Amino acid sequence: MATGRTHRPATRSRGIPEATVARLPLYLRALTALSERSVPTVSSEELAAAAGVNSAKLRKDFSYLGSYGTRGVGYDVEYLVYQISRELGLTQDWPVVIVGIGNLGAALANYGGFASRGFRVAALIDADPAMAGKPVAGMPVQHTDELEKIISENGVSIGVIATPAGAAQQVSERLIAAGVTSILNFAPTVLSVPEGVDVRKVDLSIELQILAFHEQRKAGEGAAAAAEAAGGESAALPLPQPAATRAPATAAAPPRKSGPEGDVPAVMPA
């Protein structure tokens, strides 16, 4: 059975842009769902909508693969599944090691999507001696002392780091020294790796912070719209002021301007 040691995807040598490579898994996921429903063909518009991109971008991406579809028919679903899988290197077995079997590492070990997408979890590794031999997802956890041996015996070229931030750099260095050339990093830290090693970072806290930013912006826009609506109603229905309560024309009050806390004097006293 082929392993990650003997083959690397041809995307870079064929000049496929990285942005296109990043979208290929989205197309593959949408196509796989269509295939499971026995849908034979799909239009660029339908597939683009399912993948969350625009159809012009999809057609451009597929042109790099040499796939242009058939006018009036669309794309052959099964052929595209094969074509994209081959381009991504998923027509072979990729052994993977997961280092750090805490809550996140255990969840990754139990994820059933790896095997169906061409990845085989070859080993679960943890630095805690108490974890050694403990079964997780049907596999015994092995100690980090065995890391280099495990990588060599299984021909591993992809490592997953799910350790605390403080241990991630050292783990990455050991993985690379043992022959790993691609790392999926879940630790909340930036890894320093040599040229030729690919790192993909997954930071859940950063993604949540980005969502928080968008939520705050939407709330601010909603408040601004409500204030504008309220101000518009007041302007549309001005109330006359009784003469007895009007301020004298010669009042010495300083001019006022709008500030973040409402109306404030344009010139504040020292």
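Glu-215 and Lys-218 form a salt bridge whose closest N and O atoms are 2.7 Å apart; the term requires a side-chain nitrogen of Lys or Arg within 4 Å of a carboxyl oxygen of Asp or Glu. The model is predicted, so local features need pLDDT of at least 70 and side-chain atom pairs count only at pLDDT 80 or more, while totals for chains, interfaces and linings use all residues. Residues are numbered from 1 along each chain as its sequence is written, and side-chain values use heavy atoms, with hydrogens and water left out.

**Salt bridges**

- Side chains of opposite charge can pair when their charged atoms come close.
- Glu-215 and Lys-218 sit three residues apart in helix 9 (residues 204-236), which means that about one helical turn separates them; helices (H or I, at least four residues) and strands (E, at least two) are DSSP runs numbered from the N terminus.
- Glu-215 is partly exposed at 48% relative accessibility, and Lys-218 is partly exposed with a relative accessible area of 46%. In these terms, buried means under 20% relative accessible area, exposed means over 50%, and partly exposed lies in between (1.4 Å probe, protein chains only).
- Arg-23 pairs with Asp-61, with 2.7 Å between the closest N and O atoms. Because Arg-23 belongs to helix 1 and Asp-61 to helix 3 (residues 55-64), this pair ties together parts that are 38 residues apart in sequence.
- Arg-23 is buried, at a relative accessible area of 17%, and Asp-61 is buried at 1%.
- Lys-201 forms a salt bridge with Asp-203, and their closest N and O atoms are 3.6 Å apart. Lys-201 is partly exposed, with a relative accessible area of 36%, whereas Asp-203 counts as buried at 11% relative accessibility.

- Ser-38 is not a glycine, yet its phi is positive, at about 60 degrees.
- The loop between helix 1 (18-36) and strand 1 (41-42) contains Ser-38.
- With 63% relative accessibility, Ser-38 counts as exposed.
- Ala-137, also a residue other than glycine, has a positive phi near 55 degrees.
- Ala-137 is located in the loop between strand 5 (135-136) and strand 6 (139-143).
- Ala-137 counts as partly exposed, its relative accessibility being 41%.
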